[in-house]
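Subject: Structure handover

Hello,

Here is the structure we spoke about. Please open it next to this message and follow along.

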Amino acid sequence: MISFKNRSGKDIYARVYVPKNADPAKPAVIFVHGAGYLQNVHYWWSSYFREYMFNNLLTDNGYVVIDIDYTASSGYGRDIRTGIYRYMGGADLDDQVDGAKLLVEKYGVNAKHIGMYGGSYGGFMTLMAMFTKPGVFAAGAALRSVTDWAHYNHGYTSNILNEPYNDEKAYRQSSPIYFADGLKGRLLMCHGMVDQNVNFQDIVRLSQRLIELHKENWELAPFPVEDHGFEQPSSWTDEYKRIYKLFEETLKGK
């Protein structure tokens, strides 16, 4: 467990998984926790037990992995908690970019071999990273992602972005669908077709946008029987095989 100063001078906390034998390609992966308001850097077991296992698998195979409690995460006071008001994918995403810089400077990671993955809010963050931070992330796996906050539930979103009719700017600058033209690296999107939290139509609309933009460096994996939180072991296995393959091919060049 570490802390580092972000570009605003605030202390940001993270878990870092360091391999005993780093791969010659010096790859790294940033895992982005979901919920937006969550704390995942602590001395007890995370609710992300599958991701914990996957992060360790990546580390065993030569990747450096970092899991950051980015701006808006709970447990760090009011300023951090409210730091994304009217701009999701702003200060919180900057923390991921600052974390990537830390990986290069302190852990010897190759700046061209950094990937990102996460689900729900972490999936949204991955999309924003791939669309708005060209050259920082070579690959991203966005899972059950919000693509347009105007299509997400009112109770959660209105506390952060107000409402679409009275704060259009907040919604436009925070929604990945408006930045899809910025996609440079390889993108994998995974989404349950019966998701009752982030509806499947969200990822369908983004897919159509990528088609209209003539983007070819993306793929969508739909999971026909899955809700927001997957339940079938076969679905979890399939999803993580796809993520691992993406990272092996893009961050190690295999």
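Is Ser8 buried or exposed? Ser8 is exposed, with a relative accessible area of 55%. Here exposed means over 50% relative accessible area, buried means under 20%, and partly exposed lies in between (1.4 Å probe, protein chains only).

Some ground rules. This is a predicted model, in which local features need pLDDT of at least 70 and side-chain atom pairs count only at pLDDT 80 or more, while totals for chains, interfaces and linings use all residues. Residues are numbered from 1 along each chain as its sequence is written, and side-chain values use heavy atoms, with hydrogens and water left out. Helices (H or I, at least four residues) and strands (E, at least two) are DSSP runs, numbered from the N terminus.

Ser8 sits in the loop between E1 and E2. Those two strands form a hairpin with 5 residues between them. Gly9, in the turn, has a positive phi of about 85 degrees. E1 and E2 run antiparallel and are joined by 4 bridges. Lys5 has Asp11 of E2 as its bridge partner. Side chains alternate along E1: Ile2 and Phe4 point to one face and are buried.

In what order do the 8 strands of the open sheet run? The order is E1-E2-E4-E3-E5-E6-E7-E8, with mixed pairing. Strand E1 (2-5) and strand E8 (218-223) stand at the edges with a single partner strand each, so one side of each has no neighbour in the sheet. The twist averages 20 degrees from one strand to the next. Two strands count as paired if DSSP finds at least two bridges between them. E3 and E4 run parallel, joined by 4 bridges. There, Ala28 has Val64 of E4 as its bridge partner.

Two helices pack on this sheet. Helix H3 (residues 91-107) touches E1, E2, E3, E4 and E5, and its direction makes about 145 degrees with that of E4. H8 touches E3, E5, strand E6 (139-143), strand E7 (186-192) and E8, and its direction makes about 165 degrees with that of E6. Contact means heavy atoms within 4.5 Å. Axes are lines fitted to C-alpha atoms, for helices over the stretch in contact, and angles run from 0 to 180 degrees between N-to-C directions.

Helix H1

In H1, Glu51, Phe54, Asn55, Leu58 and Thr59 are buried. Why do they lie on the same side of H1? They cover an arc of only 145 degrees around the axis, which puts them on the same side. That arc is taken from the directions from the helix axis to the C-beta atoms. On the other side of H1, Met53 and Asp60 are exposed. The buried residues of H1 pack against strand E2 (11-17), strand E3 (28-32), strand E4 (64-69), strand E5 (114-119) and helix H8 (233-251). Just after H1, Gly62 takes a positive phi of about 95 degrees.

Cores and helix H4

A nonpolar core is a set of buried Ala, Val, Leu, Ile, Met, Phe, Trp, Tyr and Cys residues joined through side-chain atoms within 4.5 Å. The largest one has 53 residues. Ile30, Phe131, Phe137, Trp149, Leu187 and Leu206 have the most contacts inside it. Its largest share, 8 residues, comes from helix H4 (residues 121-132). Another core, of 23 residues, lies apart from the largest one and includes Phe54, Ala141, Phe230 and Tyr240.

H4 is largely enclosed by the rest of the structure, because 11 of its 12 residues are buried. Among them are Tyr121, Phe124, Met128 and Phe131. Leaving aside residues up to four places away in sequence, Phe131 touches Pro176, Phe179, Ala180, Gly182, Leu183, Leu187, Leu206 and Leu210.

Two loop residues to check

Ala72 has phi near 95 degrees, a positive value in a residue other than glycine. Ala72 is in the loop between E4 and helix H2 (78-81). It counts as buried, at 1% relative accessibility.

Arg144 has phi near 40 degrees, again positive in a residue other than glycine. Arg144 is in the loop between E6 and helix H5 (154-161). At 9% relative accessibility, Arg144 counts as buried.

Best wishes
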